[in-house]
Structure formats: C-alpha cells, structure tokens
Amino acid sequence: MVREDGKRNFALRTSNGDEESVFSGNTPRQAALKAARRLEAGSSEDAAERVTLRLREKGTDKVHIYDGWAWEETAPDDKPDWMPGEITEANVAKQGIEHLDE
C-alpha cells in the first residue's frame, strides 16, 4: 500500500515466515538497502557475507528477494562533523519475486 508521501512499507521476513522489522522506501530496492545496512559488516566489499533478504510488500502477497551485503569503509574527506570516520556501506542484488499462498 502506498502512503501519502509515495513510500511503501516492506516487512523483513525470517526463514520461518515471521516479520520482525519494517523498512520503507519508494522502491523495494531502497528498502532492501536499508535492511542490508543492518547486516554484520565485512572488512571490505569482497569479504562481506552475502545474506538473502526477503521483503514482503505490506498490503500485497509479493515477496521481493534480494542478496544483500554490507562492509565498513572510510568516510569521505568532506564528511560532516557528526559523521564517524568509519561508515557502513551496503549493496543488494535482486533475485526475484514470489507470491505468498497464505
């Protein structure tokens, strides 16, 4: 379901079907990137562990499936004062869409 501001809500599903977190975004990928930033960060992008993220779009039976990974990186030189020296970066790759039978 689309909110007034155009964003949609996506629930992160566990392997047993529980939905423990909700991420919002204009697109499923935007919500998946937010979820991926909460993963255990690797020392580099190549060393980061790939994890399957299953996001159900609220109000629908669609489950968007992504591979996600996160890593630590040095903050840019022009960073604002409040930003720490090390930041978490993330990336996702879409694997497909499933429809729930529930």
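Which residue stands opposite Tyr66 in β5? In this predicted model, Lys94 takes that place. Residues are numbered from 1 along each chain as its sequence is written. Local features need pLDDT of at least 70 and side-chain atom pairs count only at pLDDT 80 or more, while totals for chains, interfaces and linings use all residues, and side-chain values use heavy atoms, with hydrogens and water left out.

**View 1. Pairing of β4 with β5.** The two strands are antiparallel and share 13 bridges. Strands are DSSP runs of E with at least two residues, helices are runs of H or I with at least four residues, and both are numbered from the N terminus. Two strands count as paired if DSSP finds at least two bridges between them.

View 2. Val51 stands opposite Gly68 in β4, and Arg56 has Val63 of β4 as its bridge partner. Between the strands lie 4 residues, and Gly59 in this hairpin takes a positive phi near 85°.

**View 3. Glu57 in strand β3.** Glu57 belongs to β3, which pairs with β1 in the antiparallel sense over 4 bridges. Phe10 is the residue opposite Glu57. Glu57 counts as buried because its relative accessibility is 6%; buried means under 20% relative accessible area, exposed over 50%, and partly exposed in between, with a 1.4 Å probe and protein chains only. The side chains of Glu57 and Arg8 form a polar contact of 3.3 Å. A polar contact is a pair of N or O atoms within 3.5 Å; within protein, one must be able to donate a hydrogen and the other to accept it, and residues adjacent in sequence count only if both atoms are side-chain atoms. Beyond its neighbours within four places in sequence, Glu57 is in contact (heavy atoms within 4.5 Å) with residues including Met1, Asn9, Lys62 and His64.

**View 4. The largest nonpolar core.** A nonpolar core is a set of buried Ala, Val, Leu, Ile, Met, Phe, Trp, Tyr and Cys residues joined through side-chain atoms within 4.5 Å. Among the 13 residues of this one, Phe23, Leu53, Leu55 and Val92 touch the most other members. At least two residues each come from β1 (8-13), α1 (28-36), β3 (51-57), β4 (62-74) and β5 (86-99), and α1 gives the most, with 4 residues. Not counting residues up to four places away in sequence, Leu53 touches Leu12, Ala32, Ala35, Ala36, Leu39, His64, Ile65, Tyr66, Gly68 and Val92.
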